[in-house]
Amino acid sequence: MQYHIAKNGLVMKGVVLSTRSGSWIMSRVWDNGYPWDMVYLTRYQSFLNRILPRAISDWLYESMMEKRFNHSHYGLVPVNKSLRKEPVFNDDLATSITCGTVVIRPNIKRFTESSAIFEDDSIMDNIDVVIFATGYSYAYPFMDDSIVKNSKNKVSLYKGVFPPTLERPTLAVIGLVQSLGGIPPTSDVQARWAVRVIKGLCKLPPKDTMVNELNEEEGEKKNWFGRSETLSTDYVNYMDELSSFIGSKPKLLLLCITDPKLAIEVFFGPCSPYQFRLMGPGKWNGARKAILNQWNRTISATRTRVVPSHQESSWIVTLVKLMFLPLLLLAVFLAWS
């Protein structure tokens, strides 16, 4: 929605974006021109989130979100900055706000015949069109709601796939999950697990165990995402959990011994779908090569003009800059003394 608002701000006289709680705005392009998910969705980042105290983890998360611009300067900073709610991916909104084609306002208090009055008592007159971006609800008119939803009328699926109330696991819901990772690779792992469960190769725990785990997950989700009924989940942890059921989760300790180069890329590099094809059922022999070459393959699609080597940053220049910094600090210290 924010994408269309930013674009419409270029062809309309003015666009006002009213928001109740704000949102983090992320660019699709991240460090060194790589896609953001290649840089951020790594096992290393996920590991830090698990072991660091919540206060430090929140600070790192907010610092990353503020990397492109200060959200408070644009009136976009979320009410609760530490919650891992899904951010808005948009490369135009901040520019549109800077140019004045889009203006951010707080929540709307009420409408008049041709005006909107906001909670800060500011008024916008002569409104032509109002678009309510209120989201949507999930409905399953083709089957009984009690199969997918719990007593609170919220989606309740074991590991986001299986209804825990069925006598036998003959129904699997694929793709009904939200994470910062891609839906296709997530759905792929879900489907691989679901097929093995339906074929009897993997077993689900008893109904009571599944219900208890769902209740525990609701508390964790409220802590991380602000709502217990959300479909949001941590991409890396979720993919690892499902792939461990299948037997295709990468074994990092084994890789450290047998293939250290691959182990480093699996841990510090992008948590790409290839990782879940390295071993176990559905193993792909080209997975290792795909993981080790993924950075070059990604940038080769955009590097359509060959840059002469003398125009590229030299490692020698970088080393000199790193050596110059402590000398500069020493000079400042001596001058101050």
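Reader: Which residues form the covered face of strand β1 (residues 15–18)?
Author: This is a predicted model, in which local features need pLDDT of at least 70, side-chain atom pairs count only at pLDDT 80 or more, and totals for chains, interfaces and linings use all residues. Residues are numbered from 1 along each chain as its sequence is written, and side-chain values use heavy atoms, with hydrogens and water left out. Strands are DSSP runs of E of at least two residues, and helices are runs of H or I of at least four, numbered from the N terminus. In β1, Val16 and Ser18 make the uncovered face, and the covered one is Val15 and Leu17.

Reader: Which residue of β4 is the bridge partner of Val16?
Author: Strands pair if DSSP finds at least two bridges between them. β1 and strand β4 (residues 102–105) pair in the parallel sense over four bridges. Within β4, the partner of Val16 is Val103.

Reader: How far apart are the end C-alpha atoms of helix α7 (residues 183–198)?
Author: The expected span is 1.5 Å times one less than the number of residues. For the 16 residues of α7 that gives 22 Å, which agrees with the distance between the end C-alpha atoms, 22 Å.

Reader: Is Ile264 buried or exposed?
Author: Ile264 belongs to helix α11 (residues 260–268). Buried means under 20% relative accessible area, exposed over 50%, and partly exposed in between (1.4 Å probe, protein chains only). The relative accessible area of Ile264 is 52%, so Ile264 is exposed.
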